[in-house]
Amino acid sequence: MDIGAYKLSEYIPAKPLVGNLEVCFTDGEQRQTETCGQLKCGDILRFPFARTDIQPSSVEIKESKVLVAADKATETKRVVELTLESTFDYQPGDTIGILPTNKLEQVESMLNRLELLDQADTTCHLKLVFNCANKNAKLPAHIPATTTPREILTHCLSLNFAPQKQLLSALAGFTSDDKERCFLSCLSSKQATEYYQSLILEQGLLFMDILELCVNCRPPLAFLAEHLPRLLPRPYSIANSPLEAGNRELRVIYSLLCLKPGVTTSMLEAATQESSPEHTKKVVIYPRISNLFRYTERDVGRNQILIAVGTGLAPFLGFLAHKEELLKLQPQQASGQSWLYIGAKTTDAVLRREKLMAWQESSLLERLRMCYSRGESPSYVQQMLEEDCKDLVEFLMKSETVLYICADGAKISRSIASGLCRCLQKAMHLTEEEASQLLNTLRKQGKYREDVWL
């Protein structure tokens, strides 16, 4: 790509971000970066929605299984199920956070660019510059008080994100190349909004891509530590019953994009490929705070309407497996009905389809409906709901029925909610406003529960 093609004769660069920190090294003191570098930051870092009674821990990846093969023709993602060692109690519907690490080659590339290879493992700390003009400047809480450049770039900072215009403008000040400076300054300007829209928002160029285009750009480590976003844990739903393995294992499911996979999924892919009987691969996880989106022993006697799209089926696999295991332990126990609606690209893209059919055959699932966006009508979940409108609303309005929705995107969740509103309108002869109000009431009552992944 020729960055010289992206320039204007007149433009005003965005106001650049300013550095307020500096890195101080401890002469001669080096340490080996731990495999789970973020573990030693536990007293400083606050992991999103983490349970306070359990610290993050390094656990073994016991098994990796491909559930769905990628298919470019139908835009179907590759879906993988991981079996992990468990060190804590959980219930179906609970979620874990997996702590990601940046790719080794990207970290090495950054260390080389910043001319820090010789100091990569030298102990350092951040501090505010003397007479800092910004009175609101403070040390980033997600970086340990004592650390190393390698640890900062591996565990603390996101290197793969869409750069904002103020950051691009600041990067222009860190290159000695006039062509690069012009490109970065112009791209940050209001006048070059069309270029920014095309390169960043549509083509998806990330921070590391920009640096690859601007090989002479060398922003200081202190600046990056201050202004790059934190490398955040990735949440995953638990997709099994704790009774299946006596709480010693848990399963999670992730999907993989063919182009530019996420940091966490890339890390998990690399981990599973490197694992062997002689070389056990581990990841760092922590349990997230539980909410109402779960299935426990108390729910066996209740009815469930489960609505899933794509990998949103993962927690419901845990729900149904747990129901099956609980009924094995107490076969005389009265159980509620479970209805499951699934949306997928194709038949082959439905997770654990054979298991679902077996649950339907055994009446663990009283109703199972599946639709495929690359198939015949109905193509979408909300269309199936409207086809079952009368039965669905009657079942939903029973006092012992709870509806759960899990979808990989807020847009899909809104479409399902709109479909449910239409069902309420038709079956109960309500206006659009009345149906919307009723749906909100069901939410407040805990009869309508969502788990939406963005």
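This is a predicted model: local features need pLDDT of at least 70, side-chain atom pairs count only at pLDDT 80 or more; totals for chains, interfaces and linings use all residues.
Before I come to distances, let me say that the domain bounds I use come from an automatic or database domain assignment. With those bounds, the C-alpha centres of domain 2 and domain 3 lie 24 Å apart. Residues are numbered from 1 along each chain as its sequence is written, and side-chain values use heavy atoms, with hydrogens and water left out.

The assignment divides the chain into domain 1, covering 3-42 + 102-227, domain 2, covering 57-99 + 234-287, and domain 3, covering 297-452. Between domain 2 and domain 3 the contact, meaning heavy atoms within 4.5 Å, takes 21 residues from domain 2 and 19 residues from domain 3. These two domains bury about 1600 Å² between them, with 63% of it on carbon and sulfur atoms; buried area here is the accessible area, taken with a 1.4 Å probe, that two parts lose on being put together, summed over both.

Now to the helices, which, like the strands, are DSSP runs numbered from the N terminus (H or I and at least four residues for helices, E and at least two for strands). Their axes are lines fitted to C-alpha atoms over the stretch in contact, and angles run from 0 to 180 degrees between N-to-C directions. Angles under 35 degrees count as roughly parallel, over 145 as roughly antiparallel, 65 to 115 as roughly perpendicular and the rest as oblique.

Helix α1 (residues 104-113) packs with helix α2 (residues 149-156) at an angle of about 140°, their axes being 10 Å apart, and α1 and α2 are therefore oblique to each other. On the α1 side the contact has V107, E108, M110 and L111, which meet P149, R150, L153 and T154 of α2. Those residues divide into five nonpolar, one polar and two charged, where Ala, Val, Leu, Ile, Met, Phe, Trp, Tyr, Cys and Pro count as nonpolar, Asp, Glu, Lys and Arg as charged, and the others, Gly among them, as polar.

How do α4 and α5 pack, and at what angle? Helix α4 (residues 178-188) and helix α5 (residues 193-202) have axes 8 Å apart and an angle of about 105°, which makes α4 roughly perpendicular to α5. F183, C186 and L187 of α4 make this contact with Y195, Y196, L199 and I200 of α5, and its residues are seven nonpolar, with no polar and no charged.

For helix α9 (residues 314-329) and helix α10 (residues 353-361), the axes come within 12 Å and cross at roughly 40°, so α9 and α10 are oblique to each other. Here L317, L320, A321 and E324 in α9 meet K355, L356 and W359 in α10, a set that divides into five nonpolar, no polar and two charged.

Finally, two details of the backbone. The peptide bond from S377 to P378 is cis, with omega near 5°, and P378 is found in the loop between β11 (367-372) and α11 (381-387). E75, although not a glycine, has a positive phi of about 60°, and E75 is found in the loop between β2 (57-68) and β3 (78-85).
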